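Subject: Structure handover

Hello,

Here is the structure you are taking over. My notes on what was found in it follow below.

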Amino acid sequence: MKLAGLKSVDGAHEESIWAAAWAPAADHRPTAVLLTGALDETVRAWRPDDLAAVGPPARGHALGVVSLAAHSAGALAAAVSLDSFVRVFDVDSGASVATLEAPPSEVWGVQFHPKGNALAAAGGGSGSVKLWDTEKWEPITSLAVPRPEGARPDKTGSGKFVLSVAWSPDGKLLACGSMDGTIAVYDAVRMKFLHHLEGHHMPVRSMVFSPVDPHVLFTACDDCHIHIYDAKEKSLIGAMSGHASWVLSIDVSPDGLAVATGSSDRTVRLWDINMRSSVQTMSNHSDQVWAVAFRPPGGAGVRAGRLASVSDDKSISLYDYS
Amino acid sequence: MPETAAEANLRRQLEQTLAADPSIPLHHYDLGVFLWARAEAEQEGDGDEARRLRAAAAEHFLAAAKLNPNDGVPFRFLGNHYARGGDTQRAAKCYQRAVALNADDAEAGEALCDLLDVEGKESLELAVCKEAAGKSPRAFWAFRRLGYLQVHQRKWSDAIQSLQHAIRGYPTCADLWEALGLAYHRLGMFTAAVKSYGRAIELDSSRVFALIESGNIQLMLGYFRKGVEQFRSALEMAPHNHSAYFGLASALLAWSRNCVTTGAFGWAANLLKEASEAAKICASLTKNLSCVWKLHGDVQLALARCFPWVDEKIKRGVDAQMFKDSVQEWRNAILSAANGAKLSYQRALHLTPWEANVHNDAAICLDLIYSMDDNNRHDPNVWELSEKMSLGALILEPVNKDFWVTLGSMSSDLALKQHSFIRALHLDMSLSEAWAYLGKIYRQSGDKQLAKEAFDRARSIDPSLALPWAGMSAENYHQSGGSTVNESFESCLRAAQILPLPEFQIGLGTIAARTGNLLSPQVLMAVRQAVHRAPHYPESHNINGLVSEVRSDFQSAIRFYQQARSALGMMKNSKSDNKYVFADVSVNLARSLYKAGLATDAVRECEELRSQGLLSIDGLQIYALALWKTGRSEEALSVSRNLAENLSGMKPESAGVALGFICTLTYAISGKDSAAAVIHKLPGQLNYSSQLKFIISALDALHPNKRLQLPQLSMPPRLTSYEVMSEVHSNIALGKAIEGEMDKPLRVDASLSYLKKVLHMYPDCSLVRNQLGSLLLWSGDWMASHKAIRVTSLTHGHTSSMGLRSAHQIQASAMVCCYATCTSYPKFSFPTCEHQYLSGHDEIHHLQRWVHREPWNQDARYLLVLAIFQKAREEKYPKHMCIILKRLIMQVLSNASNSHENKVVQYEVFLLLLLSSEICLQSLDYENCIAQAIEALRRTASRCVDTFFAHFQLCRAYAVKGDLLNSRNEYMNCLKKHANTEMGWVMLKHLESACSLETCSDEIYKNLRECIERNGSDLSKWTSLFNLVSAQCFIGDENFASAEEALAQACAEGDPDSCILFLNGATCMEIARRFAAPQFISRAAPSLRKAQQKSHASLPLVSLLLAQAEGSLGSKTKWEKNLRLEWFSWLPELRPAEVYFQMHLLARQSAAAASQQNQLVETMQSPESWLLRAIHLNPSCSRYWKALLQLMDA
């Protein structure tokens, strides 16, 4: 289990890069494509092995791209901009497919359902998770985050701000993380709130379910820790520490054995889930690392694992994961 | 089946050919094959007709074989014929001949081997296969046969070779793959075995054997999940296969053990329940297999050990009885699982009483049952059942070291324990468990030295054993000294991570409470698990409460403390034993109640404790605090006096804390004077803790008359911690600012100079830097915005929330508050700011990053709006920015609307509405503009916010709309407001003439003067600005003389801005032009010259005007020089036609004068082309056409 730096593109965007996602290989395109979104209000696409730019940058994301998510079929992706618009676009042509408008500051992280029939968005200031269907792009429902039992009064007085969202790989669970550290878990089939997961007390910016144990959830939090939850049994089953500052992003390797995290301490770390410890630290970025993403399996001749990381230093790095 | 016509025809042909030439074997053979096929086709295989045909065929085959003895095929047919006839001897011979002639003949080979197999001639069979295999590498049948035989004979490595070869011939034969898998499996090549089994399953998904075997291998390799999957699919194929059930149960058991070590107890329990079901079914299928019962016992025992207590039912309001019931339920569940285990072990024992380890397992199980069941009181004279069972195991196998350890760990007799462990160590010196247990015994009996030695040995033998770490942790914990406690925490953490026992976890929590590690997630996880594993321990609930409390989850903390008390009530010990523990928990409870805002309940708790005389120092503090909160201040003070009396008897650090508490409380109840009195009463030599210093400095700051000149404050910094000292200094600086009376304006200067000194001392302290920055912005210093940015530093990641303003706020405010337009791109405007603060664009990105980092932070969004607005203003309100701004403002407003109390928020709302109004005005939407401004007036009470600018905005809007009446009204409103902003008055002056309102400039000027005096701001700067505006008004009225006068005044004030100088020059030139007054040209020239020198970027038009002035004054070279300057001060795409025209003039001059100077700009092109370009840019100017005519004439 290790990472080896393959390539790094400095100045990939004109400004800080904030989001990255892999659009998986599809029938019409043999390889996966890396999408990145940045403060310079563009989304760019990159080839998977040499990080050569694919097509011109897609513009029109006012004030910067906050979050990116790719549809599991590989053709579509969604980008959230700071002015609370979600633009759904065709990965290859960059053409808009739909523009979903949310009330101001009511959308942040997005994720497609693993089967691809819904798009979930962390509802920011609305304190909820919003769901759209992916056929007509109409809102399905909005799942509110209830206040936890006996919660402390909110310090900022501005309600809960929901930052991140994650689907379990079997599509049965949906989790969302908020700025005060609460994580809400929903039954995604019956669209019902199940329970909160406790343990974090600062913003939870990123989370991901394990691909092998569909109820194991990994979370990244500003309190510098990574937690492992049994989301079904509502228990904290592991915690990993080592970052010197906020953990901004997390992704799990396709084999389910490792997670990678990006942090404000400018490093990317690789963690062994079984050992509950950090096995490698990459410090090639010179500013905080806002997103890490493992390439999904599948596609022509793709055996090797790939990890991409993007940072405020305007660069993209690609690593070999083996 | 009778012969058909075609067949008859064929036979005739064959017979004829044979008759034609009977010496050719092929003809015999062909006819034989035909007859044989006919015989096969007969309906009755052994009917007379068939027999007849076969006999005929055999004759022909025989003839063929005789004629050509080197062809094997007829022999094979002969063999078939004899085999059918039951003559195995001859058949075998014929087959042998066939195989010997052609080793690749699979049919003959298989038939021969089958014959041999039936007769049990295995070695012969082997020999035949080997021979065939040796003869031809393509004799795959032989390799296959050989492989199977070798597998049968357990010659695994030979079998692998044969099977691999055979697979080349039959790559899709699942049997071969399965056999290969088995061979690999037996040789211990597990990965290869898994692959082979996998291939077999792939080819034929109903391979139960392959599924089960590969499941077993996966289990052995530790891949429980895959193992479980495989056993499950085997069960789908064969629902009554007991080995699949056995495998499933053991896989689930192993998986659950893995879960337990990571702490996922709920998960483990679920897996174990499933495992128990599987084991039960397996037992019902096999009945009398001891190992199945043992497996079931193991599963049940594991379940009993990891079954978690679930507190789902207890939500609110802990009822002691409910808690008790819940714990009892949990205990019963465990007991029933343990009893189930016991029963299974009993059955296993019944079946195989000679198995020592079942005895041992039963002993362990019994021990668990005894430890869980409260009703069993141990009678020292009777041997416990578990001890007995353990001894039984030992009698069967006296040399098993593990049994000795088991006996030692469950015996209650100290001597027997020690004896057992020592016996175990006799058997194996490096048995780490025995050493660890021995250490535990020595520790319990107080023999520390021996305990330490034993633990050290255990740890050095096996560092992954939890117990020695725990022992070392306990050792360190009781020693004094800061570092050892941390070591103790580390050791205990390791112990709890290796083995998540509730005892270790509670210990970890206790140590964490002392070392301040309660926030660590590892501790949280351990303590939560401890509660689930040991709900009957009061300590687990208590620590759990502490953990929740430290995470500010007070409601849960209260619930946990109450549970702890209920658990205490369930303890068997007498009440008096638990008295102090009870008091501790109650104090915790009171504190949480207070923190959760339930002060009355907290008071009640404390009073109850007090009545029992159990109120400790901590309790007293909470009591006083809660009393104060409930409004019983007098009582609170008396309690705090009570506390003060006890101060001398305390440890110094807790005394310091208590003292700080008393001061703060006294201040809160009876004000600063009494608090000061408390401090004065302090013994002088008392070594102040840093917190106390902070309190004193804060009091000092609030106390303008400086009665607290305590020497301790100015102590050298080495003695106290860095953070607190910087806070103390920040307090002192604030104190300097509010020196004198409270209602006077702040004395920012004194504070600033103090802060500068502090910064010199602590150069990397962001708190001081931020405070300095915000005070600078506050100070109204003309250049504050530039200085503030220099002192504050933006750090990444953590933004310090300390201080008056964050670094981001300071930077953003500085960007917005620079009066000069700072655009870096000269397309929109020209920067006149002398200090070149040109990082505005970058600053917006900083703010966007901040919003991205803290999307919930409304301050960040608000500042972003301001910054973008500033940019929009500089870029003349482009449409897309207006749209973004409108959206952003709506967003911030929608979030700010819910807090009406806060003055700052009110002001922000007011400002945002005005911004929104301004954007509407700029996009020519007057109705909305007015509506927004009125909304701003409506939403904000005038006592909180100075509404001057709302009226001002309305006045502008009405004026633009042409509604003079309303405009005038608003103007008067503005005048009445006595706003405290200089800028407001200056701008109002502007409006006065723009709306052609009656002149009250005197009044405005008066107001401005008052305002300047009140704020102590720079008189000359503001006067010159005011004069500039007046001049602009005069110019608007075409009153150039007055304008010139005003501008001259403005220029005379101190250090005028370049734009004032420029306007002065331009006005002079205009007067000179209009009124033909050449004396003004000489006035214009110096102003323009100064303006040119002062501005950093070269201002356009200045040079042009200066060129004209200089030209008029008779200096041709200066005229030329300035015209060239003018050319370069424009961006290429922005140059107006006039510049080209001037260049044409210049070109004509220099073309006439000196053509060799071709490096000059004007010589780049001919005068004609300059002129043509000018005309191209502006064809409507008749001057250019005239010049062109002249040029053509010339």
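Is B:D204 buried, partly exposed or exposed? At 25% relative accessibility, B:D204 counts as partly exposed, where buried means under 20% relative accessible area, exposed over 50%, and partly exposed in between (1.4 Å probe, protein chains only).

Some background before the rest. This is a predicted model, in which local features need pLDDT of at least 70 and side-chain atom pairs count only at pLDDT 80 or more, while totals for chains, interfaces and linings use all residues. Residues are numbered from 1 along each chain as its sequence is written, chains are lettered from A and ligands numbered from 1 in the order in which they are written, and side-chain values use heavy atoms, with hydrogens and water left out.

Salt bridges

A salt bridge is a side-chain nitrogen of Lys or Arg within 4 Å of a carboxyl oxygen of Asp or Glu. Over all chains there are 43 of them. B:D204 pairs with B:R207, with the closest N and O atoms 3.2 Å apart; B:R207 is buried, at 15% relative accessibility. In chain A, A:D40 and A:R44 form a salt bridge at 3.5 Å. A:D40 is buried at 11%, and A:R44 is buried at 16%. B:E110, B:D114, B:E125, B:R144 and B:R145 are linked in a network of salt bridges.

The interface

Contact means heavy atoms within 4.5 Å. By that rule, 44 residues of chain B touch 57 residues of chain A. The buried area, which is the accessible area (1.4 Å probe) that two parts lose on being put together, summed over both, is about 4,300 Å² between these chains, and carbon and sulfur atoms give 57% of it. B:H852, B:W856 and B:R887 supply 19% of the area that chain B buries against chain A, more than any other three residues. The interface has 5 salt bridges; one of them joins A:D312 and B:R849 (4.0 Å, N to O).

Cysteines

How many disulfides does the structure hold over all chains? There are 0, a disulfide being a pair of cysteine sulfur atoms within 2.5 Å. The sulfur of B:C129 has its closest cysteine sulfur in B:C113, 3.7 Å away, which is too far for a bond. B:C129 is buried, with a relative accessible area of 0%, and B:C1181 is also buried, at 18%.

Regards
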